[in-house]
Amino acid sequence: MNEIRPIHWDDGILKLLDQTRLPVEQVVVELDDYRGAVTAIRDMQVRGAPAIGVTAAYAVVMAAKEVATDDKGTFLDKGNFLVGLQEAAQAISAARPTAVNLQWAVRRMLEVAESEPDLSNMVNRLLGEAKLIQEEDEEINRRMGDFGKSLMPDGGSVLTHCNTGALATSAFGTALGVIRAGWETGMRFKVFNTETRPFLQGARLTAWEFQQLGIPATLIVDSAAGILMRQGDVSCVITGADRVAANGDTANKIGTYSLAVLAKENGIPFYVAAPTSTVDLSIPSGDEIQIEERAGSEVTHFQGAPTAPVGVEAFNPAFDVTPHRYISAIVTENGVVRAPFVEGLKLALGGP
Ligand SMILES: CSC[C@@H](O)[C@@H](O)C(=O)COP(=O)(O)O
């Protein structure tokens, strides 16, 4: 199987596998301008917390190229360059509000820009950093897989939500990566994945990825999770995260909170897989996490076709917060963290 890698930098062009077109067709969008990357993130042609972080890093490279010189091609002084870059960085950071990886990647790129004295070397230096962020992400995911695979229920069944696979990252995936790692060590278990209304990341993307990996998975409507759990058909649940607060409260795709509450009610472990770049120690709890609200048309329409009466009002929060008391463990690239999360997450962020 060829590894799925949704983001490629190719000689100044950012190439993204368009996730709005999967699984029907595999279309690559090509961008040479940071504004195009902002639009691709906002419109979810690229999505998933780590993947939008990697895309944002390349967007900073494209912005640096644009603002490094004046109309005549002469390099600006460093101060003026940084003002221009920070303006673009703000637009990139604001593309989507909930996943902290986006702001994390932009901040990391700005720190590199600030530390580079030679403007003629700036774009190369930033490109090196963006590539590093992308490579590190794959390595981190594989490490999460190694740490998390022992949680997978050999002979049992696992339920997952949204898309947390290679498509949501630079490669391999977070929660889906843990499932894959368990499967690849020879464990055998049943996999259920939710369709994940309204954007259908589960039906369109996760089901497709499991097919590519040769891992049999059964697609369910989101609201079928309860009956499955009550019948004893789910041994554990694993999801990804878009932001983890210092106390372990976790923002993830809308519907995650309901799954976690159902899991607790039915005595089923609920795991989160998230790289440390998704952990935001600056906020004490999930109450501080901004939840993105997307257009109601995503609920009332699917790919332009109405699925509700014309004129109906729809509320479309893209994420929800699962309080830490519902979470059995958080798998990071530096180990598996259990309650009390405040201490464990700090240690995980301190390094391996
Ligand atoms: C590795 S992915 C973790 C999360 O980013 C994922 O579960 C999720 O909620 C993605 O939401 P999306 O709106 O598709 O970007």
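User: In which hand does H2 pass H3?

Analyst: The general idea is that two packed helices are described by the angle between their axes and the distance between the axes. In this model, which is predicted, H2 passes H3 in a right-handed crossing. The axes of helix H2 (residues 49-67) and helix H3 (residues 78-93) come within 9 Å and cross at roughly 145°.

User: Which residues of H2 and H3 meet?

Analyst: From H2 the contributors are Ala-56, Ala-59, Val-60, Ala-63, Ala-64 and Val-67, and they meet Phe-81, Gly-84, Leu-85, Ala-88, Ala-89 and Ile-92 of H3. Sorted by class, this contact of H2 with H3 comprises eleven nonpolar residues, one polar residue and no charged residues.

User: At what angle do H2 and H4 pack, and how far apart are their axes?

Analyst: H2 and helix H4 (residues 100-115) pack at an angle of about 35°, and their axes are 7 Å apart; the crossing of these two helices is right-handed. On the H2 side the contact is made by residues including Ala-49, Pro-50, Ile-52 and Gly-53, and on the H4 side by residues including Asn-101, Leu-102, Trp-104 and Met-109. By class, the contact of H2 with H4 has 14 nonpolar, two polar and no charged residues.

User: How many residues does the largest nonpolar core have, and which of them have the most contacts inside it?

Analyst: The largest nonpolar core has 51 residues, and those with the most contacts inside it are Val-178, Ile-179, Val-237, Ile-238, Tyr-271, Ala-273 and Ile-330. Helix H6 (residues 175-184) supplies the largest share of this core, namely six residues. Apart from it lies another core, of 49 residues, with Ala-59, Val-61, Val-67 and Ala-166 among them.

User: What is Ile-238 in contact with, once its neighbours within four places in sequence are left aside?

Analyst: With those neighbours excluded, Ile-238 is in contact with Val-158, Thr-160, Ala-175, Val-178, Ile-179, Tyr-271 and Ala-273.

User: Which residue does UniProt list for "active site", and where is Asp-242 placed?

Analyst: The unreviewed UniProt entry lists Asp-242 under "active site". Asp-242 has its place in the loop between strand S7 (236-239) and strand S8 (243-245).

User: Is Asp-242 buried or exposed?

Analyst: Asp-242 is buried, because 31 other C-beta atoms lie within 10 Å, where 20 or more are required. Not counting residues up to four places away in sequence, Asp-242 touches Ala-49, Thr-98, Ala-99, Ala-251, Asn-252, Thr-278 and Phe-319.

User: What is phi of Cys-162 and of Gln-303, and is each residue buried or exposed?

Analyst: Cys-162 has a positive phi of about 65° although it is not a glycine, and Cys-162 lies in the loop between strand S4 (157-160) and H6. Cys-162 counts as buried because it has 29 C-beta neighbours inside 10 Å. Gln-303, also a residue other than glycine, has a positive phi near 45° and lies in the loop between strand S12 (301-302) and strand S13 (305-306). Gln-303 is exposed, because 9 other C-beta atoms lie within 10 Å, and 12 or fewer count as exposed.

Conventions:
Residues numbered from 1 in each chain as written. Predicted model: local features only at pLDDT ≥ 70, side-chain atom pairs only at ≥ 80, totals over all residues. Core = buried A, V, L, I, M, F, W, Y, C linked by C-beta atoms within 7 Å. Helix = DSSP H or I, 4+ residues; strand = E, 2+ residues; numbered from the N terminus. Contact = placed C-beta atoms within 7 Å. Axes fitted to C-alpha atoms, helices over the stretch in contact; angles between N-to-C directions. Left-handed = near helix turned anticlockwise from the far one by under 90°. Nonpolar A, V, L, I, M, F, W, Y, C, P; charged D, E, K, R; others polar. UniProt positions renumbered as here; feature names shortened; annotations may be inferred.
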